[in-house]
Amino acid sequence: MTNPAPPPAGGQPGPGQAGPPGQDLAALAKGGRTNFLGFLLRLAARLPFLFIAGRLYGADQLGRFASALIVIEIAGQIATLGLKRGLAKELHNEARDETHVITDGLLLSLLTSSLFAAILFVFPAPMFPNGMNSGWDLYLPIAIIMLAVTEVMLAALAYRYNIAATVRSRSIVEPWSLSIMAGVFYFIPATQEGGLALSYLFSVIAAALTALVPLLRSYGWPHGWKPHVIHLAAIARDNFPLALADAIEWGTRRLDIAILGIFVSPATVGIYYVAVQVASLPQKLKTSFEPILGPVIVRKLKEKDYSAIARQVCQAGFWIIAAQTGIGLALGIPGEGVLGLVGPQFIYGNGALAFLLIAEVVASTAVVSEAALIYLARLKNLAISFATIILQGLLTVGIIFAIKELGFSELFQAAGAAIALTLALGFASFTKSRVLAAILKERINNFRWPLVWAVAPAVVVGFAFTFLPEWMELALGIPAILATYGYVIWKRGFKEEDRVLFRQAGNKKAVPLPQED
């Protein structure tokens with residue numbers, strides 16, 4: 001039985017339809033608004049976890065936990081076999097029942113993730129370059145399976161514009177489960193040493209179940225489905241470049257931790273990990289548009305409407321870079337105070353935090369360009385991704401050795417890893433945007449000069465608050481930075497088509513969007 005997609009509310013195009021530019025932009029904006037709420041919820045949940053992990057478990061345990069997660073999360077990304085972003089194309093092109101296509105994808109990711117988990121159960125050493133916190137850490141490979149199937153389920157829901165499911169799973173259930181259970185396990189003697197690993201496992205299982213319920217409600221059960229081995233192999237083959245690109249993109253945000261785990265102590269890795277977690281908050285803003293940008297691009301590709309794709313990439317890219325810049329200023333200027341909330345020893349990660357926040361802004365162009373390149377030029381995109389991570393590895397090792405030779409401490413070496421990441425992501429953004437522009441024969445540029453006009457007064461306001469007591473710097477300074485930046489970027493940087501991001505979906509009185517030439 002076929003399960004046709006219901007027509008989306010607000011006049012948006014359905015999964016099999018293409019809408020005019022204004023409707024596509026409205027779809028992007030609606031998905032962005034929904035997932036931006038998820039970002040705020042994730043922010044509210046992430047800080048309690050960092051506080052609990054830093055204050056109760058300490059930098060050493062946090063560093064070992066971070067090193068183990070690198071292997072787990074990269075394996076989870078590879079195990080999706082590119083279906084996180086490739087499923088939209090599979091659903092759009094396949095004539096079969098949508099539930100059968102999704103079930104094939106889930107089976108494929110389940111088999112692949114189970115294989116990775118089995119290998120790490122037998123050979124766990126790669127997860128623990130600095131040793132284990134407890135025997136409970138050996139169960140972490142189970143998370144690979146949960147991560148992989150959750151990504152496929154959420155991708156299927158995003159195809160029907162159900163971004164709320166991603167918000168519930170990734171921004172409410174997963175981070176809050178992690179925070180709450182980290183505290184619970186710490187106070188149980190039998191699980192105290194393994195509390196971080198157990199709470200992580202609990203959170204990814206809860207997130208998977210949260211995604212499964214709306215998937216079944218939206219698509220139903222796959223009646224009459226039978227596994228097609230040859231078809232599964234074809235999907236794996238076709239999506240292999242995309243799977244590698246996803247894994248490499250994920251790996252660029254973890255390679256610095258992996259290399260630091262070899263050269264510095266677990267405590268320094270733990271301090272750097274907290275800085276990464278704070279900096280990753282603006283990184284999550286890109287995911288506000290990623291689930292909805294893919295399906296919109298797929299539909300425009302079928303029409304060969306390259307100018308529309310360029311408009312969508314530039315529009316979403318500007319929204320992302322504008323939001324990331326504001327959040328980066330709010331977290332970076334009072335950085336010592338923010339890190340100090342986790343624990344007094346973590347303030348020494350402030351230098352690394354500054355470069356990590358810059359890296360997220362620099363990476364925004366690469367992110368949105370890749371959203372189109374994975375459909376237009378998979379192999380070129382993969383080659384650039386390979387070059388990026390190789391460049392990052394060489395720069396990270398080179399800068400760490402140079403800082404070490406100059407006699408600086410491990411904390412300066414950690415900041416060096418952040419500098420290497422910034423340079424590598426800058427290379428990726430420049431190269432991918434140029435390749436996409438050549439294919440589309442359209443200009444790809446997310447930068448606008450009003451960003452500079454908005455940053456300047458926000459920096460002045462932020463530094464003025466650094467002279468006040470720390471609690472005032474955080475409680476009053478952060479809102480003041482955001483308000484100053486937001487006011488200027490709204491007045492000087494946002495055009496009429498940008499303001500659609502802040503309109504409520506279905507607002508009948510909204511002014512029609514102007515179409516670009």
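**A tour of selected helices, a loop and salt bridges**

Begin by selecting Lys 441, which is found in the loop between α15 and α16 (450-465); helices here (H or I, at least four residues) are DSSP runs, numbered from the N terminus. This is a predicted model, in which local features need pLDDT of at least 70 and side-chain atom pairs count only at pLDDT 80 or more, while totals for chains, interfaces and linings use all residues. Residues are numbered from 1 along each chain as its sequence is written, and side-chain values use heavy atoms, with hydrogens and water left out.

Lys 441 is not a glycine, yet it has a positive phi of about 60 degrees. Most residues other than glycine have a negative phi. With a relative accessibility of 71%, Lys 441 counts as exposed (exposed means over 50% relative accessible area, buried under 20%, partly exposed in between, with a 1.4 Å probe and protein chains only).

Next, select residues 378-405, which form helix α14. This helix has 28 residues and reaches 40 Å from its first C-alpha to its last, close to the 40 Å expected at 1.5 Å a residue (the expected span is 1.5 Å times one less than the number of residues). Its buried residues include Arg 378, Asn 381, Ser 385, Gln 392 and Ile 403. Just after α14, Gly 407 takes a positive phi of about 85 degrees.

Now turn to the salt bridges, each a side-chain nitrogen of Lys or Arg within 4 Å of a carboxyl oxygen of Asp or Glu. The count by this rule comes to five.

Select Glu 151, Arg 170 and Glu 174 together: they are linked in a network of salt bridges. In the pair Glu 151 and Arg 170, the closest N and O atoms are 3.3 Å apart. Glu 151 belongs to helix α4 (residues 142-159) and Arg 170 to helix α5 (residues 164-186), so this pair ties together parts that are 19 residues apart in sequence. Glu 151 is buried, at 12% relative accessible area, and Arg 170 is buried at 10%.

Arg 170 also forms a salt bridge with Glu 174, where the closest N and O atoms are 2.6 Å apart. These two residues are four apart in helix α5 and are therefore separated by about one helical turn.

Finally, select Glu 370 and Lys 432, whose side chains meet in a salt bridge (2.6 Å, N to O). Glu 370 lies in helix α13 (residues 350-376) and Lys 432 in helix α15 (residues 410-440), so the pair ties together parts that are 62 residues apart in sequence. Both Glu 370 and Lys 432 are buried.
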